[in-house]
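This briefing concerns salt bridges and the parts of the chain that they join. Please consult the sequence and structure shown here.

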Amino acid sequence: MNHRRPNTLYVLVIFVLAAGAAALTRGQALDISKQTIVDLSHAYGPSTVFWPTSPIKFTLEKVADGKTEGGYYYAANTFCAPEHGGTHLDAPRHFNESGQAAEQIPLEKLIGPAVVIDISAKAAANRDYLATREDVLAFEKANGQIAPGTIVLLRTGWSRFWPNAKAYLGDDTPGDASKLSFPSYGPDAARLLVDERRVAALGIDTASNDYGKSTDFQVHRIAAAKNVPGLENLTNLDKLPARGATIVALPMKIEGGSGGPLRAVAFVR
Ligand SMILES: [Zn+2]
């Protein structure tokens, strides 16, 4: 969903941050008037997809909703959610005891230029597809080498299944994560991106940067070892160019957090 709300303080703050990041990384300012803003986050609600073993889902409880004694309307809620559900951040701390926690991640890793590697055709043919080193090299042959500090987004096309948990995760048996099936990064692709290209972050439009069948979460561990955060359950990656978008991915700033709910947007020329 694209949206433009240029008069809100929120977008002004994003603009200032993004302009600063773009100026740092590309040597030029970001002119928001010439950009389309693409929403990369799913909304949080009763249908938000969570890992089958998650003890709770997103819950919203009313504190107030109605006319006050003063005659004016007032609404407020409390919410409760696992860090790792819906569109969310994986902080390096998730798989690295000494890795950066959510509030410690430098903003330069969450705001910056993006590339989108499209494996949607291969994933459509094989829902357990693992993006390979060769997939990354083929992308670079067509689009140029991925620069250090780039936010890499892997497009599998899986967002089309959201919020059908069974289709999206491959299995939705409560309490059982042993039969999941969805595509993601393979370890050799992750090593190339993290260790050789020194990318800022790894994002994806599935539930995890490791594929559904993974039991050892190698990609998470490769990324976390180098303090590279993950961005999971993204959407609208089909609306981004292979390169040229600027990403602003700002999670909830949870002290000591291993992750958290994430609002991610892209500026596209
Ligand atoms: Zn996660």
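With which residue does Arg133 form a salt bridge? The partner is Glu196, with the closest N and O atoms 2.9 Å apart. A salt bridge is defined as a side-chain nitrogen of Lys or Arg within 4 Å of a carboxyl oxygen of Asp or Glu, and by this rule the count is 10.

The model is predicted: local features need pLDDT of at least 70, side-chain atom pairs count only at pLDDT 80 or more, and totals for chains, interfaces and linings use all residues. Residues are numbered from 1 along each chain as its sequence is written, and side-chain values use heavy atoms, with hydrogens and water left out.

**Helix 3 and helix 5**
- Arg133 belongs to helix 3 (residues 133–143) and Glu196 to helix 5 (residues 187–196), 63 residues apart; helices (H or I, at least four residues) and strands (E, at least two) are DSSP runs numbered from the N terminus.
- Arg133 is partly exposed at 29% relative accessibility, as is Glu196 at 42%; buried means under 20% relative accessible area, exposed over 50%, and partly exposed in between (1.4 Å probe, protein chains only).

- Arg197 and Glu140 form a salt bridge at 2.7 Å, N to O.
- Arg197 lies in the loop between helix 5 and strand 9 (201–204) and Glu140 in helix 3, so the pair ties together parts 57 residues apart in sequence.
- Arg197 is buried at 12%, and Glu140 is buried at 9%.

**Strand 1 and strand 12**
- Arg263 and Asp39 form a salt bridge at 2.7 Å, N to O.
- Arg263 lies in strand 12 (residues 259–268) and Asp39 in strand 1 (residues 36–39), so this pair ties together parts 224 residues apart in sequence.
- Arg263 is partly exposed at 32%, whereas Asp39 is buried at 6%.
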